Amino acid sequence: MKSANRKRKILLGSVLVLIIAGFVIWKTDTGRRYTAKVLDVEFIPNQYFDLQNTNAFLQKDSVYKDFRNKCPFHYQMLGVQKFADSSFVFILSEPADYVVFDSIAAVFHQFNIHAEIKTHPVGYDGWMKDVVICVGRATSGNIDNLSKKLNEILYLSDYKSFTEKLPLDTSRIYFSKEMLNYRISLAEINQWFIKDKEVFLDLSDTSKTFSIPDIFQNKKNGVFYSKAPGFVIWSLKKIRISPRSKAISASLYWMRI
């Protein structure tokens with residue numbers, strides 16, 4: 001009887017040691033990587049660490065400030081910046097109204113993260129909202145998978161998902177540095193459209209082409225686009241107004257005044 005109890009204790013002790021050893025090994029990246037390979041699942045690095053000591057957390061504010069300095073006005077994107085300690089910062093700028101913050105945070109449920117909403121002022125009293133997420137530790141494969149999931153939430157599809165690399169190389173140009181106040185003379189218009197007969201297309205049937213004289217002659221109505229991009233013509237049906245209609249319009253105008 002004593003011998004059976006002794007064997008039982010040894011067996012239970014051995015099982016307990018194996019469980020503890022397995023847990024210790026599983027907590028290491030080597031053990032987790034092996035387990036992920038055996039189970040054919042995504043490898044997630046050990047998440048037992050102090051997030052506030054990561055480069056991503058310490059530099060998240062400067063990363064966001066740099067982004068908004070380069071994009072001070074509306075710019076919707078998903079950006080990510082990687083640090084040497086394998087931590088990352090995601091910026092989800094101006095997510096649509098249908099995007100729920102909890103849905104974004106749920107994507108990172110396997111990771112040690114810090115997520116917050118930043119408000120960026122614009123104009124007199126306007127503002128834009130962005131989401132900033134610090135991922136304490138992840139692999140490049142993890143980031144790719146997370147980016148796909150975020151694209152699906154933000155744009156309702158992960159097809160050709162795209163993430164911009166932060167920091168951005170250059171500032172976003174919102175207003176052209178060139179002078180865009182072009183002045184086109186009637187002689188130039190006559191040359192392009194009447195003499196040279198600029199070619200136009202009707203998008204409802206691109207097999208046919210038209211020039212301005214063709215449109216006038218055939219009394220075609222609609223919107224036409226030049227074959228060489230640059231011009232849009234809107235042809236409207238001529239409306240004849242009778243003298244009586246003019247009188248009524250004038251009376252209504254007088255009454256409105």
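Modeller: Five strands make up an open sheet of mixed pairing, in the order β3-β4-β2-β1-β5. Its edges are β3 (113-122) and β5 (164-165), each of which pairs on one side only. The model is predicted, so local features are reported only at pLDDT of at least 70 and side-chain atom pairs only at pLDDT 80 or more, whereas totals for chains, interfaces and linings use all residues. Residues are numbered from 1 along each chain as its sequence is written, and side-chain values use heavy atoms, without hydrogens or water.

Strands (E, at least two residues) and helices (H or I, at least four) are DSSP runs, numbered from the N terminus. Two strands pair if DSSP finds at least two bridges between them. Strand β1 (residues 77-82) pairs with β5 in the parallel sense, over two bridges; valine 80 has lysine 165 of β5 as its bridge partner. Across β1 and β2 (88-93) lies helix α5 (residues 140-155), which runs at about 165 degrees to β1. Such angles run from 0 to 180 degrees between N-to-C directions, with axes fitted to C-alpha atoms, for helices over the stretch in contact.

Rings of Phe, Tyr and Trp (its six-membered ring) pair if their centres lie within 6.5 Å; planes under 30 degrees apart are stacked, over 60 edge-to-face, and the rest tilted. The count is seven aromatic pairs. In one of them, phenylalanine 90 and phenylalanine 108 have ring centres 5.6 Å apart and planes at 65 degrees, so the pair is edge-to-face. Phenylalanine 90 is in strand β2 and phenylalanine 108 in the loop between α4 (101-106) and β3, 18 residues apart. Both phenylalanine 90 and phenylalanine 108 are buried, that is, under 20% relative accessible area; over 50% is exposed and in between partly exposed (1.4 Å probe, protein chains only).

Another pair joins tryptophan 192 and phenylalanine 231: the centres are 5.5 Å apart and the planes at 45 degrees, so the pair is tilted. Here tryptophan 192 belongs to helix α6 (residues 186-195) and phenylalanine 231 to the loop between β8 and β9 (232-235), 39 residues apart. Tryptophan 192 is partly exposed at 28% relative accessibility, and phenylalanine 231 is partly exposed at 26%. Trp192, Phe193, Phe200 and Phe231 form one aromatic cluster.

A further open sheet has four strands in the order β7-β6-β8-β9, with antiparallel pairing. At its edges stand β7 (205-210) and β9, each with a single partner strand, so one side of each has no neighbour in the sheet. The twist averages 35 degrees from one strand to the next. Strand β6 (residues 200-202) pairs with β7 in the antiparallel sense over three bridges, and phenylalanine 200 stands opposite phenylalanine 210 of β7.

Serine 226 lies in strand β8 (residues 222-226) and is buried at 7% relative accessibility. Its side chain reaches the backbone oxygen of alanine 228 at 2.6 Å and the backbone nitrogen of glycine 230 at 3.4 Å. Leaving out residues up to four places away in sequence, serine 226 touches Glu198, Val199, Phe200 and Phe231, where contact means heavy atoms within 4.5 Å.

Conventions
A polar contact is a pair of N or O atoms within 3.5 Å; within protein, one must be able to donate a hydrogen and the other to accept it, and residues adjacent in sequence count only if both atoms are side-chain atoms.
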